[in-house]
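Here is a short briefing on one protein chain. Keep the structure in view as you read, and find each residue as it is named.

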Amino acid sequence: GRIMNDETIEQLCRQAIAQARAGADVVAPSDMMDGRVGAIRDALDSEGFTDVSIVAYTAKYASAFYGPFRDALDSAPRESSNAPPNKKTYQMDPANSREALIEAQLDAAEGADMLMVKPGMPYLDIIKLLKDNTNLPIAAYHVSGEYAMLKAAAEKGWVNEKDVALETLLCFKRAGADAILTYYAKQAARWINEDGISRPR
């Protein structure tokens, strides 16, 4: 299949404007199309949404850790379709760290307000790399496969779920993440409040 970059960006701009009109304070396009951050910034500004922020999926890797999410949505590529069997044609190569810096520079220049790394745990080095090379805040996405592994191990009695989950989130923070997106958000907040754990500084 062929990646329809410009056509996709046009749709992304429409979506961002619709979300802003609905009251969104932040938009976060997860597409990985070239030039999408600048186009969305221009589209939002032209409609008067200059205060709506953009979280750029700067380093979204072609990862096997997205499996549970794609299964839940029934969105995994099908053998019977003409779609590519994976998203390696436009998501980043897990072996390539230098590309993350290039994408970070491009997204920052185009007007991104925050840079995201996805997945999180297997890419702590990328979080640290971006943190050390940009003044923009960094977000880490703790994706479905990472979450599912901890859940499964806890159900088997192999690990203490609370301890490993909080340690995982602490690792993101230590690597340089300013924000963490995780399926553990509610549980982690409850555990932290119950234990009176102070916020890392």
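Is cysteine 13 buried or exposed? Cysteine 13 is buried, because its relative accessible area is 12% and the cut-off for buried is under 20%. Bear in mind that this is a predicted model.

**Overall build**

- The protein has eight helices and five strands.
- Read from the N terminus, the order of elements is α-β-α-β-α-α-β-α-β-α-α-β-α.
- The protein has 201 residues, and 40% of them count as buried.
- Take the contacts with a separation of 6 or more: 74% of them link residues 24 or more positions apart.

**Cysteines**

- Cysteine 171 is buried too, because its relative accessible area is 11% and buried means under 20%.
- How many disulfides does the protein have? The count is zero.

**Helices H1 and H2**

- Two packed helices are described by the angle between their axes and the distance between the axes.
- Helix H1 covers residues 5-21, and helix H2 covers residues 36-46.
- Their axes lie 9 Å apart, at an angle of about 45 degrees.
- H1 is therefore oblique to H2, because angles under 35 degrees count as roughly parallel and 65 to 115 as roughly perpendicular.
- The crossing of H1 past H2 is right-handed.
- Which residues of H1 meet H2? They are Ile9, Leu12, Cys13, Ala16, Ile17 and Ala20. On the H2 side, the partners are Arg36, Ala39, Ile40, Ala43 and Leu44.
- Cysteine 13, the buried residue from the opening question, is thus part of the H1 side of this contact.

**The loop between S3 and H5**

- Strand S3 spans 114-118 and helix H5 spans 124-133. Proline 119 sits in the loop between them.
- What kind of peptide bond joins lysine 118 and proline 119? The bond is cis, with omega at about -5 degrees.
- Methionine 121 is in this loop as well.
- Setting aside neighbours within four places in sequence, methionine 121 contacts Glu146, Thr168, Cys171 and Phe172. One of these, Cys171, is the buried cysteine described above.
- Methionine 121 and alanine 175 are 54 residues apart along the chain. Their C-alpha atoms are separated by 9.8 Å.

Notes
Residues are numbered from 1 along each chain as its sequence is written. This is a predicted model: local features need pLDDT of at least 70, side-chain atom pairs count only at pLDDT 80 or more; totals for chains, interfaces and linings use all residues. Side-chain values use heavy atoms; hydrogens and water are left out. Helices (H or I, at least four residues) and strands (E, at least two) are DSSP runs, numbered from the N terminus. Buried means under 20% relative accessible area, exposed over 50%, partly exposed in between (1.4 Å probe, protein chains only). Contact means heavy atoms within 4.5 Å. A disulfide is a pair of cysteine sulfur atoms within 2.5 Å. Axes are lines fitted to C-alpha atoms, for helices over the stretch in contact, and angles run from 0 to 180 degrees between N-to-C directions. Angles under 35 degrees count as roughly parallel, over 145 as roughly antiparallel, 65 to 115 as roughly perpendicular and the rest as oblique. A crossing is left-handed if the near helix is turned anticlockwise from the far one by less than a right angle, and right-handed if clockwise.
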